[in-house]
Amino acid sequence: MIEYYESATHLNISSNKHIGTRGWQAAAHMMRKTSSLQYLDARNSPLLDHSAPFVARALRISGSLTVLHLENAGISGRPLMLLGNERKKKKHSGH
């Protein structure tokens, strides 16, 4: 379903309490694939430990995404470190 929105610049998947691993995999796939997505709102959608690597990898690859809104996504520990490291790498690489 997410691929249907390939040309979208802003996507809101917030408050999706049951997004699960497959949902995050699909979101990460879209982040990697599309060249138009600039803003992904995923607040209030739990990003669990086993889903964070998909999102972190997508952050590394995505050239267009500038905002990933993860407020109240329950991120801590290793997932937070993975996402922070990718953001830091992207910032220092000039993207």
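Trainee: Which residues are buried in helix 1?
Mentor: Keep in mind that this is a predicted model. In helix 1, the buried ones are Gly23, Trp24, Ala27, Ala28, Met30 and Met31.

Trainee: How are they placed around the axis of helix 1?
Mentor: They span an arc of only 160 degrees around the axis, so they sit on the same side of helix 1.

Trainee: Why do residues three or four places apart point the same way?
Mentor: An α-helix has 3.6 residues a turn, so residues with that spacing point the same way.

Trainee: OK, and what do the buried residues of helix 1 pack against?
Mentor: Their partners are strand 1 (10-12), strand 2 (39-41) and helix 2 (52-61).

Trainee: How many residues does helix 1 have, and how far does it reach?
Mentor: Helix 1 covers residues 20-33, which is 14 residues. From first C-alpha to last it reaches 20 Å, close to the 20 Å expected at 1.5 Å a residue.

Trainee: Switching to the strands, what's the order in the sheet?
Mentor: The order is 1-2-3, in an open sheet of 3 strands with parallel pairing. Strand 1 and strand 3 are the edge strands, each pairing on one side only. On average, neighbouring strands are turned by 5 degrees against each other, ignoring direction.

Trainee: How many bridges join strand 1 to strand 2?
Mentor: There are 3 bridges between those two parallel strands. In this part of the sheet, Asn12 stands opposite Asp41 of strand 2.

Trainee: What about His69, where does that one lie?
Mentor: His69 is in strand 3, which takes in residues 67-69.

Trainee: Which residues is His69 in contact with, leaving aside its neighbours within four places in sequence?
Mentor: Tyr39, Leu40, Asp41, Ala42 and Arg43. With Tyr39 there is also a polar contact of 3.3 Å between the two side chains.

Trainee: And how far is His69 from Asn12?
Mentor: Their C-alpha atoms are separated by 9.4 Å, although His69 and Asn12 are 57 residues apart along the chain.

Trainee: Last one: is Ser62 buried or exposed?
Mentor: Ser62 has a relative accessible area of 1%, so it counts as buried, the cut-off being under 20%. You'll find Ser62 in the loop between helix 2 and strand 3.

Trainee: What does the side chain of Ser62 reach?
Mentor: The backbone nitrogen of Leu65, at 3.2 Å.

Methods: Residues are numbered from 1 along each chain as its sequence is written. This is a predicted model: local features need pLDDT of at least 70, side-chain atom pairs count only at pLDDT 80 or more; totals for chains, interfaces and linings use all residues. Side-chain values use heavy atoms; hydrogens and water are left out. Helices (H or I, at least four residues) and strands (E, at least two) are DSSP runs, numbered from the N terminus. Contact means heavy atoms within 4.5 Å. A polar contact is a pair of N or O atoms within 3.5 Å; within protein, one must be able to donate a hydrogen and the other to accept it, and residues adjacent in sequence count only if both atoms are side-chain atoms. The expected span of a helix is 1.5 Å times one less than its number of residues. Buried means under 20% relative accessible area, exposed over 50%, partly exposed in between (1.4 Å probe, protein chains only). The arc is that of the directions from the helix axis to the C-beta atoms. Two strands pair if DSSP finds at least two bridges between them. Axes are lines fitted to C-alpha atoms, for helices over the stretch in contact, and angles run from 0 to 180 degrees between N-to-C directions.
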